[in-house]
Protein chains: 2
Amino acid sequence: MDMTTKLIAAAEQLFDRHGYMATGMDRLTEAAGMSSRTLYKHAGSKAQLMARVLTERDRRFMARLEVRTVDALFAALEDWVWVEGTRGCLFLRSRAETGGDTPEIAEAVASHKAAFHRRIEEVVAADLGREDPVLAEQVLVLIEGATHAAVYRGADAVSAARAAAAILIERART
Amino acid sequence: MDMTTKLIAAAEQLFDRHGYMATGMDRLTEAAGMSSRTLYKHAGSKAQLMARVLTERDRRFMARLEVRTVDALFAALEDWVWVEGTRGCLFLRSRAETGGDTPEIAEAVASHKAAFHRRIEEVVAADLGREDPVLAEQVLVLIEGATHAAVYRGADAVSAARAAAAILIERART
DNA sequence: TGCAATGTAAAACGAACGTTTTACATTGCT
DNA sequence: AGCAATGTAAAACGTTCGTTTTACATTGCA
């Protein structure tokens, strides 16, 4: 396993479970199993490391959203929550933790959320046979809501969102 | 203006805008306009201060949700977002920043979210004339979603959620 | 009049922060 | 055989962290 890969995987785990600011570099070097010298050679800085973590997570998350129907979007979200757990959206959390003042992080978040929004519009259009920006916004809100409600309401939040989306889609179709 | 009130107001601003971990006590004493000795006499510790901020915010937020219809719930959320801005849910954010490992904070968050869920069930029941836990869960997801989507989508997210809720309510009524 | 309460200003506490440096070992290519 | 690259271990960098302490001023009530 490549050092950079190992580092990013360890960083994602710690940042996600304990928070970006609360995770010190000592804890990170230990978890990644490498010296701080090597860590900095690969990561550059803590902020750059977080940005790489986010880029990698974007890749992994967006790959799951390569679907053709809105219902499949929620099925994918259920899988994601099952695998990754329910700790909210790491993108919004990193942005909030840094007050948006860390450029590398703010940019990674912005570009992920733009891609996320675009993807939902595409899926809604494919499912409905026409574009519907308002419905897409509602689906986006339901996914974001399921992600965050699941933190304290559990997986029920995701299935509730899925059922709600089905109703909205059905209504938009007829 | 009472010292404790001034302190909590300053703390809420800084914690919300820059994050809990990223806000140092020096910055806090300066913003609150008091010595660190006085600050610690009133707050006890940084974690206790955050807990009091959350308790106060819960009071202010829940007061706005004293309504009788689901649509009024979203109108209240629109007002809240207008006044307080769109930086996501401070309760979930504090919990995430501390990994749930700070008891005072974790408890304040848990009790707020429990009250929040209860209130939505009540409003849905009042609006519909009967209890509907599934619809309540969907409304909760829409509010949580609007709160977080608004961070990058703006106020449109809230009105989209409002319209979606209207459809779900209408369908549940007939 | 005098004491208890409440405040400020500022230094000090040890610990932890992100990052860099020093000194050395191992590897793989030409 | 020899050099460049890549790694480790560990100390040190100066800064900032949350919190406590020391010394002193002001106020309000008995």
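Helices here are DSSP runs of H or I with at least four residues, strands are runs of E with at least two, and both are numbered from the N terminus. In this predicted model, chain A reads along its sequence as α-α-α-α-α-α-α-α-α. The secondary structure of that chain therefore comes to 9 helices and 0 strands under the DSSP definition. Along the principal axes, the C-alpha atoms of chain A fill a box of roughly 60 × 35 × 30 Å. Chain A has 174 residues, and 53% of them are buried. Among the contacts in chain A with a separation of 6 or more, 69% join residues 24 or more positions apart.

The elements giving two or more residues to the surface near DNA strand C are α3 of chain A and α3 of chain B. The largest share comes from α3(B), with 4 residues. By class, the residues of this surface divide into 4 nonpolar, 9 polar and 3 charged.

Sugar and phosphate make up 51% of the atoms of DNA strand D that come within 4 Å of the protein. In one, an N or O atom in the side chain of Thr38(A) is 2.2 Å from a phosphate oxygen of DNA strand D. In another, the distance from an N or O atom in the side chain of Lys46(B) to a phosphate oxygen is 2.5 Å. Met25(B) takes part through its backbone, with a polar atom 2.8 Å from a phosphate oxygen of DNA strand D. Two or more residues of the surface near DNA strand D come from each of α3 (36–43) of chain A and α3 (36–43) of chain B. Here α3(A) gives the most, with 4 residues. The surface near DNA strand D is made up of 4 nonpolar, 9 polar and 3 charged residues.

About 360 Å³ of space lies in the largest pocket. Its lining has 26 residues, and nearest the centre of the pocket are Arg93(A), Ala96(A), Leu92(B), Arg93(B) and Ala96(B). At least two lining residues each are supplied by α1 (3–18), α6 (90–97) and α8 (133–153) of chain A, together with α1 (3–18), α6 (90–97) and α8 (133–153) of chain B. In terms of class, 6 nonpolar, 10 polar and 10 charged residues form the lining of the largest pocket.

Ala47(B) is found in helix α4 of chain B, which covers residues 46–64. This alanine counts as buried because its relative accessibility is 12%, under the cut-off of 20%. Apart from neighbours within four places in sequence, Ala47(B) is in contact with Tyr20(B), Thr102(B), Glu104(B) and Ile105(B). The C-alpha atoms of Ala47(B) and Ala108(B) are separated by 11 Å, with the two residues 61 apart along the chain.

Arg119(A) lies in helix α7 of chain A, residues 103–128. Is this arginine buried or exposed? With 19% relative accessibility, Arg119(A) counts as buried, because the definition asks for a value under 20%. Leaving out neighbours within four places in sequence, Arg119(A) is in contact with Met62(A), Leu65(A) and Glu66(A).

Terms used:
Residues are numbered from 1 along each chain as its sequence is written. Chains are lettered from A and ligands numbered from 1 in the order in which they are written. This is a predicted model: local features need pLDDT of at least 70, side-chain atom pairs count only at pLDDT 80 or more; totals for chains, interfaces and linings use all residues. Side-chain values use heavy atoms; hydrogens and water are left out. On a 1 Å grid over the protein atoms alone, a cavity is a set of points where a 1.4 Å probe fits but cannot get out, and a pocket is an open set with protein on both sides within 12 Å along at least five of seven lines; lining residues have an atom within 4 Å of a point. Grid points are joined across faces, edges and corners, and a volume is the space filled by probe spheres set on the points. Ala, Val, Leu, Ile, Met, Phe, Trp, Tyr, Cys and Pro count as nonpolar, Asp, Glu, Lys and Arg as charged, and the others, Gly among them, as polar. A residue is near a molecule or strand if one of its heavy atoms lies within 4 Å of it. A polar contact is a pair of N or O atoms within 3.5 Å; within protein, one must be able to donate a hydrogen and the other to accept it, and residues adjacent in sequence count only if both atoms are side-chain atoms. Buried means under 20% relative accessible area, exposed over 50%, partly exposed in between (1.4 Å probe, protein chains only). Contact means heavy atoms within 4.5 Å.
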